[in-house]
Amino acid sequence: MGHTEMKLAVAGLGDNAITDLRRRLADNDWSSFRPAERAAFTFARKQARRPDAVTPRDVQRLVEHFGRERAVDVVWWICQCHYMTRIADAFQLPLEQENVFDGFLPPKTTGRP
């Protein structure tokens with residue numbers, strides 16, 4: 001299981017939802033996603049393929065969709081994920097076969113103190 005899939009599982013997505021999301025992301029037709037998500041995916045793809053080609057306008061598009069602070073979060077996460085992928089590839093680190101975060105979900109609350 002990939003690190004992203006693990007994080008999605010921790011966020012509460014089930015196996016079927018993760019499989020569907022992975023399939024939709026791998027497709028070149030992202031029309032089923034919201035405009036802000038499409039902007040983030042477009043930025044991530046450009047930054048992965050040609051980081052030297054990222055322009056201030058690319059970042060401004062994220063700001064238009066997410067606001068300044070959230071746009072910084074989006075750029076940071078994209079860069080962090082690309083960095084981790086490159087490190088794992090460089091050292092040929094295998095992905096975990098199961099979710100190492102399984103069991104770390106906080107207990108569900110009943111809404112009562």
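Buried residues make up 20% of the 113 residues in the protein chain, where buried means under 20% relative accessible area, exposed means over 50%, and partly exposed covers the range in between (1.4 Å probe, protein chains only). The model is a predicted one, in which local features need pLDDT of at least 70 and side-chain atom pairs count only at pLDDT 80 or more, while totals for chains, interfaces and linings use all residues. Residues are numbered from 1 along each chain as its sequence is written, and side-chain values use heavy atoms, with hydrogens and water left out.

**Stop 1: the whole chain**

Start with a cartoon view. Helices (H or I, at least four residues) and strands (E, at least two) are DSSP runs, numbered from the N terminus. Of the contacts in the protein chain with a separation of 6 or more, 49% are between residues 24 or more positions apart; contact means heavy atoms within 4.5 Å.

**Stop 2: α3 against α4**

Two packed helices are described by the angle between their axes and the distance between the axes. Select residues 35-49 for α3 and residues 56-66 for α4: their axes come within 9 Å and cross at roughly 155°. Axes here are lines fitted to C-alpha atoms, for helices over the stretch in contact, and angles run from 0 to 180 degrees between N-to-C directions. The two helices are therefore roughly antiparallel to each other; angles over 145 degrees carry that label, under 35 count as roughly parallel, 65 to 115 as roughly perpendicular, and the rest as oblique.

The crossing of α3 and α4 is left-handed. That term applies if the near helix is turned anticlockwise from the far one by less than a right angle, and right-handed applies if clockwise.

Now show side chains. On the α3 side, pick Pro 35, Ala 36, Ala 39, Ala 40, Phe 43 and Lys 46; they meet Asp 58, Val 59, Leu 62, His 65 and Phe 66 in α4. The residues of this contact divide into 8 nonpolar, 1 polar and 2 charged. In that count Ala, Val, Leu, Ile, Met, Phe, Trp, Tyr, Cys and Pro are nonpolar, Asp, Glu, Lys and Arg are charged, and the others, Gly among them, are polar.

**Stop 3: Leu 62**

Stay in helix α4 and center on Leu 62. At 1% relative accessibility, Leu 62 counts as buried. Which residues does Leu 62 touch, not counting residues up to four places away in sequence? Select Ala 39, Ala 40, Phe 43, Gly 67, Ala 71, Val 74 and Val 75 to see them.

**Stop 4: α3 against α5**

From α3, the contact takes in Ala 40, Phe 43, Ala 44, Gln 47 and Ala 48; from α5, Val 74, Val 75, Ile 78, Cys 79, His 82 and Arg 86. By class, the residues of the contact of α3 with α5 are 8 nonpolar, 2 polar and 1 charged.

Zoom in on His 82, which sits in helix α5 (residues 68-90). His 82 is buried, with a relative accessible area of 16%. Leaving out residues up to four places away in sequence, His 82 touches Ala 44, Gln 47 and Ala 48.

**Stop 5: the salt bridges**

Side chains of opposite charge can pair when their charged atoms come close. The whole structure has 8 salt bridges, each a side-chain nitrogen of Lys or Arg within 4 Å of a carboxyl oxygen of Asp or Glu.

- Select Arg 34 and Glu 37, whose closest N and O atoms are 3.2 Å apart. Arg 34 counts as exposed at 56% relative accessibility, while Glu 37 is partly exposed at 25%.
- Go to Asp 20 and Arg 23, bridged at 2.4 Å, N to O. Both lie in helix α2 (residues 15-26), 3 residues apart, about one turn of the helix. Asp 20 is partly exposed, with a relative accessible area of 31%.
- Finish at Asp 58 and Arg 61, with closest N and O atoms 3.0 Å apart. Being 3 residues apart in helix α4, Asp 58 and Arg 61 are separated by about one helical turn. Asp 58 counts as buried at 10% relative accessibility, and Arg 61 is partly exposed at 38%.
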